[in-house]
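Hi there,

Here is the structure I promised to pass on.

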Amino acid sequence: MTTVTARDVQLLRDALGPLRDREQIAERLLESSAKHSFDPDKELDWDAGTEDGKWFWPPELVSLYDTPLWRKMSEEQRMDLSRHEAASLASLGIWFEIILMQLLVRHIYDKPPTSNHVRYALTEIADECRHSMMFGRMIKWSRAPDYPVPRVYHNLARVLKTISTTPGSFAATLLGEEILDWMQRLTFPDERVQTLVRGVTRIHVVEEARHVRYAREELRRQMVTAPRWERELTRVSCGEAARVFSVCFINPRAYESVGLDRREAVAQVKASGHRAEVMQSGAKRLTDFLDDIGVLGGVGRRLWKSSGLLA
């Protein structure tokens, strides 16, 4: 196996400039982790009840916002939909983070166990364990059901975890992290939202910022050093992941849980200009980055467009 030395890294560049040394990046991330990590079981008041008249997700981020169906719904029904959509997103987050943890373990399997790079990956895995438990506890606290992704995509992920290449793994990581991160950055300062939900999103935003940095730097390195076939596969697999992610984003059962017709609700979400703008805004920082480093191209770009995450 070829080892990339610190000197080699100094010679590597992409459209964003020279690549930084892996060990230096990991060292900084470890320092940040030591200063800004949280234990959700202790940080959040899980015994507090839900607050009357407060949303579980900002209304503008609820999938049906500003649709004809939304305008017919009562305020109580809208708030209840936000509760179920928050549970759906938390369920999606748990599914995704379990996949991510397995991909990270695969990534470090052949790497020096005493390196900062491996040590930070293990730190991130510990973060993701806490996040998954936190999301599960939030679903239970909200008294909403969990909303697993459709079985076909649940099983498709088994294949992904087995065959994913390193750049494909980190591209998928960023897809799952950055769009939800954008939404959560709008959620935690929003006083209209339940206090506990704001606390959950605040913790996730702070800790995910490190995860995004780690994944971005590694994906940049992989897109420079990987063979051509692997870069091409990454473009296609990332585009397909974007398509699956957009399909699974909100489980349609959430609409039925508040008394809405599932097919009508799904159709109105698909036709909603506001929803398209929200999803593309949430993905823009990521798609700009992926475009800059050569991930968005060919078939992959068409898949991104079909997902609705790229204009």
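To start with the surface: which residues form a nonpolar patch there? The patch is made up of L156, V159 and I163, which together have about 270 Å² of accessible area. Patches here join residues with over 30% relative accessible area and no salt bridge, with like charges joined within 9 Å and nonpolar side chains (Val, Leu, Ile, Met, Phe, Trp, Tyr) within 5 Å. The areas come from the Shrake-Rupley method with a 1.4 Å probe, and for residues only the protein chains shown count as cover. I163 belongs to helix α7 (residues 151-163) and counts as exposed at 60% relative accessibility. For these labels, buried is under 20% relative accessible area, exposed is over 50% and partly exposed is in between (1.4 Å probe, protein chains only).

Before going further, please keep in mind that this is a predicted model, where local features need pLDDT of at least 70, side-chain atom pairs count only at pLDDT 80 or more, and totals for chains, interfaces and linings use all residues. Residues are numbered from 1 along each chain as its sequence is written, and side-chain values use heavy atoms, with hydrogens and water left out.

Now the helices, which are DSSP runs of H or I with at least four residues, numbered from the N terminus. Helix α6 (residues 116-142) has 27 residues and reaches 38 Å from its first C-alpha to its last, close to the 39 Å expected; that expected span is 1.5 Å times one less than the number of residues. Just after α6, R143 has a positive phi of about 60°.

On to the aromatic rings. Rings of Phe, Tyr and Trp (its six-membered ring) pair if their centres lie within 6.5 Å; planes under 30 degrees apart are stacked, over 60 edge-to-face and the rest tilted. That rule gives six aromatic pairs. W55 and W70 are stacked, because their ring centres are 6.1 Å apart and their planes are at 20°. W55 sits in the loop between α3 (40-43) and α4 (68-72) and W70 in helix α4, so this pair ties together parts that are 15 residues apart in sequence. W55 is buried at 7% relative accessible area, and W70 is buried at 6%. Y120 and Y214 make a tilted pair, with centres 4.9 Å apart and planes at 55°. This pair links distant parts of the chain, with Y120 in helix α6 and Y214 in helix α9 (residues 195-225), 94 residues apart. Both Y120 and Y214 are buried.

Charges meet rings as well (NZ of Lys or CZ of Arg within 6 Å of the ring centre and within 35 degrees of the ring normal). The charged end of R202 sits over the ring of F38, 5.3 Å from its centre, and that of R216 over the ring of F289, at 4.2 Å.

Finally, there are 24 salt bridges, defined by a side-chain nitrogen of Lys or Arg within 4 Å of a carboxyl oxygen of Asp or Glu. In helix α9, E217 and R213 meet at 3.4 Å, N to O, and they lie four residues apart, about one turn of the helix. E217 is buried at 7%, whereas R213 is partly exposed at 29%. A network of salt bridges links D14, R20, R213, E217 and R220.

Methods:
Helix = DSSP H or I, 4+ residues; strand = E, 2+ residues; numbered from the N terminus.
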